[in-house]
Amino acid sequence: MPDRFLLFIPAYNCEKQVPRVLDQLLDPKVSGFVSETIVVNNRSTDGTEAAVLAWMAAHPNTPVRLLRNNENYGLGGSHKVAFQYAVRHGYDYLVVLHGDDQGDARDLYPLIASGEYKSYDCCLGSRFMKGSQIKGYSALRIFGNYGFNWLFSLVTLHKITDLGSGLNLYKVAGLKNGYYLKFPDTQYFNDCMILAQCHYKQKMLFFPISWREEDQVSNTKLTSFALSLLRMCGQYVTGPKKFVAREMRAKPVEKYGYQVVASNV
């Protein structure tokens, strides 16, 4: 029986970009392996939800389901919604593709076609390795990413080439115990995931991707982000087991709930 893939698109205030992301589903290289797509709207304040609904109406035969978080849970919280959805619905793999149209799901195609993904617990898209293509990044941001990739590699004793692009693949079996639920609901979620995956000795593969910044708007404040990453590395290196088990959320959430707004499934 072939593996079942769920594609998860986190969306927040990306009304211009999310239709372009959904257009990737029309390519056979993506539609050929994706069983269902969920767009998780994290309480957008612009026309993101209307844009998704319009796209779904124009493509009624494409299996897409639009979810709306009960609260603004943050990027990490939307991941938790999708992880739990994948577990409950019996999917084998979850693909994360950010809704701001920086990544391309077709970059996964070689791993899927060859079956290489089966040997790993997660396959993480990397903007900073041989074969990657990156457009629109400043030299300062590129330099900073290389520096933190080196630092995380040092503290984990694993080669890390990207701390969190918007294209990742996870084996759902590795998500069932919910080890990630206490991780931050913010943009630091992916960084904690990588540290935890190293601690739990999950098999990781970094693969090259194409990445661009054109009309996207970044909400990341570089200085505070860098300081938080340094603090995170310090906490991890002094006690990895304690680090991955601690409560990291500013506001613990008992249940990451959502509503189904529309479905073509």
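**View A. Serine S153 within helix α6.**
S153 lies in helix α6, which covers residues 139-156; helices (DSSP runs of H or I with at least four residues) and strands (DSSP runs of E with at least two) are numbered from the N terminus. The model shown here and in the other views is predicted, so that local features need a pLDDT of at least 70 and side-chain atom pairs count only at pLDDT 80 or more, while totals for chains, interfaces and linings use all residues. Residues are numbered from 1 along each chain as its sequence is written, and side-chain values use heavy atoms, with hydrogens and water left out. With a relative accessibility of 17%, S153 counts as buried, where buried means under 20% relative accessible area, exposed means over 50%, and partly exposed lies in between (1.4 Å probe, protein chains only). The side chain of S153 reaches the backbone oxygen of H158 at 3.3 Å. Leaving aside residues up to four places away in sequence, S153 touches H158, K159 and I160, a contact being heavy atoms within 4.5 Å.

**View B. Helix α6 packed with helix α8.**
Two packed helices are described by the angle between their axes and the distance between the axes. Helix α6 and helix α8 (residues 222-238) pack at an angle of about 10°, and their axes are 10 Å apart; axes are lines fitted to C-alpha atoms, for helices over the stretch in contact, and angles run from 0 to 180 degrees between N-to-C directions. This makes α6 roughly parallel to α8, because angles under 35 degrees count as roughly parallel, those over 145 as roughly antiparallel, those from 65 to 115 as roughly perpendicular, and the rest as oblique. The contact is formed from α6 by R141, F148, L151, F152, V155 and T156, and from α8 by L222, A226, L229, L230, M232, C233, Y236 and V237.

**View C. Helix α4 crossing helix α7.**
The axes of helix α4 (residues 74-88) and helix α7 (residues 189-199) come within 9 Å and cross at roughly 60°, and α4 and α7 are therefore oblique to each other. On the α4 side the contact is made by G76, H79, K80 and F83, and on the α7 side by F189, N190 and M193. The residues of the contact of α4 with α7 divide into three nonpolar, three polar and one charged. Helix α7 is mostly covered, with 10 of its 11 residues buried; among them are F189, N190 and M193.

**View D. The salt bridge between K80 and D185.**
Side chains of opposite charge can pair when their charged atoms come close. A salt bridge is a side-chain nitrogen of Lys or Arg within 4 Å of a carboxyl oxygen of Asp or Glu, and a search of the whole structure finds 12 of them. The side chains of K80 and D185 meet in one, at 2.6 Å from N to O. K80 lies in helix α4 and D185 in the loop between β7 (167-171) and α7, so the pair ties together parts that are 105 residues apart in sequence. Both K80 and D185 are buried.

**View E. Strand β2, with E36 and S35.**
E36 forms a salt bridge with R65, and the closest N and O atoms are 3.6 Å apart. E36 lies in strand β2 (residues 34-41) and R65 in strand β3 (residues 64-69), so this pair ties together parts that are 29 residues apart in sequence. E36 is buried at a relative accessible area of 4%, and R65 is also buried, at 17%. S35 is found in strand β2 as well and is partly exposed, with a relative accessible area of 32%. S35 and R4 are 31 residues apart in sequence and 6.1 Å apart in space, C-alpha to C-alpha. Leaving aside residues up to four places away in sequence, S35 touches R4, F5, P63 and Y91.

**View F. Positive phi at L157 and K201.**
L157, in the loop between α6 and β7, has a positive phi of about 60° although it is not a glycine. At 76% relative accessibility, L157 counts as exposed. K201, in the loop between α7 and β8 (204-208), likewise has a positive phi of about 60° without being a glycine, and K201 counts as exposed at 69% relative accessibility.

How values were computed
Ala, Val, Leu, Ile, Met, Phe, Trp, Tyr, Cys and Pro count as nonpolar, Asp, Glu, Lys and Arg as charged, and the others, Gly among them, as polar. A polar contact is a pair of N or O atoms within 3.5 Å; within protein, one must be able to donate a hydrogen and the other to accept it, and residues adjacent in sequence count only if both atoms are side-chain atoms.
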